[in-house]
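Have a look at the sequence and structure first, then we'll go through it by topic.

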Amino acid sequence: MGLFDRFRKRQKPGTLRGSSNDDTGHLVAWAKQRRGVEAYVEPKTTVTETTVVLIAHDGEWTRRRVDGPEGARKLGKKLGIPVYDVALVGYPKRMRDYTERQRALRKRAQRDDLT
C-alpha cells in the first residue's frame, strides 16, 4: 500500500462507472479526425453503463461510456452525426469487416515475428 493510496478516489466493488469528461473528449476528438462517422448506442448492462460506438466510413471504430441514451443523442447533435440504437439496427457490416481486417493483420504480423 502506497503512502497516498488512502486519498485516491476508489470505486466500490460492484458499482458501475459512469462516463467521464475523458470519455467525451475522446469521442469528440476521434469523430473530428474521421469522416462519415455514425454513433451506435449500446444499452446499459449489468457490467457497464450505456456506451456509444462511433464508426467511421471505413469501419474503424471506438467505444466509450456516455450518460445514457440521452447523452449519446446530445453528443450526436453536438458532432452533427446520426445516432442509431444498436438493439434496433445492429452494427454495420463495415465495422465487422474492419475488425476482421485488423485481426488478419495482427495474425500476419505475429506469424512474421516468429520467422
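Y84 counts as partly exposed, because its relative accessibility is 31%. Keep in mind that this is a predicted model. V37 is the contrasting case: it counts as buried, because its relative accessibility is 7%.

**On the surface**
- Y84 sits in strand 4, which covers residues 83-85.
- Together with L88 and V89, Y84 makes up a nonpolar surface patch with about 320 Å² of accessible area in total.

**Around V37**
- You'll find V37 in the loop that links helix 1 (21-32) to strand 1 (38-42).
- Beyond its neighbours within four places in sequence, V37 is in contact with W30, A31, L54, I55, A56, I81 and P82.
- V37 and G76 are 39 residues apart along the chain, and their C-alpha atoms are separated by 9.7 Å.

- As a general background, nonpolar side chains tend to be buried together in soluble globular proteins.
- The largest nonpolar core here has 15 residues, and the ones touching the most other members are L27, V37, V52, L54, L75, L79 and I81.
- Two or more residues of this core come from each of helix 1, strand 1, strand 2 (51-55) and helix 2 (68-79).
- Helix 1 is the biggest giver to this core, with 4 residues.
- L75, leaving out neighbours within four places in sequence, is in contact with T24, L27, V28 and V52.
- Another core, of 5 residues, lies apart from the largest one, and its members include Y40, I55, V86 and M95.

Methods
Residues numbered from 1 in each chain as written. Predicted model: local features only at pLDDT ≥ 70, side-chain atom pairs only at ≥ 80, totals over all residues. Heavy atoms only, no water. Patch = residues over 30% accessible without salt bridge, like charges linked within 9 Å, V, L, I, M, F, W, Y side chains within 5 Å. Areas by Shrake-Rupley, 256 points an atom, 1.4 Å probe, with all protein chains shown as cover. Salt bridge = Lys/Arg side-chain N within 4 Å of Asp/Glu carboxyl O. Buried < 20%, exposed > 50% of the residue type's maximum accessible area, 1.4 Å probe, protein only. Contact = heavy atoms within 4.5 Å. Core = buried A, V, L, I, M, F, W, Y, C linked by side-chain atoms within 4.5 Å.
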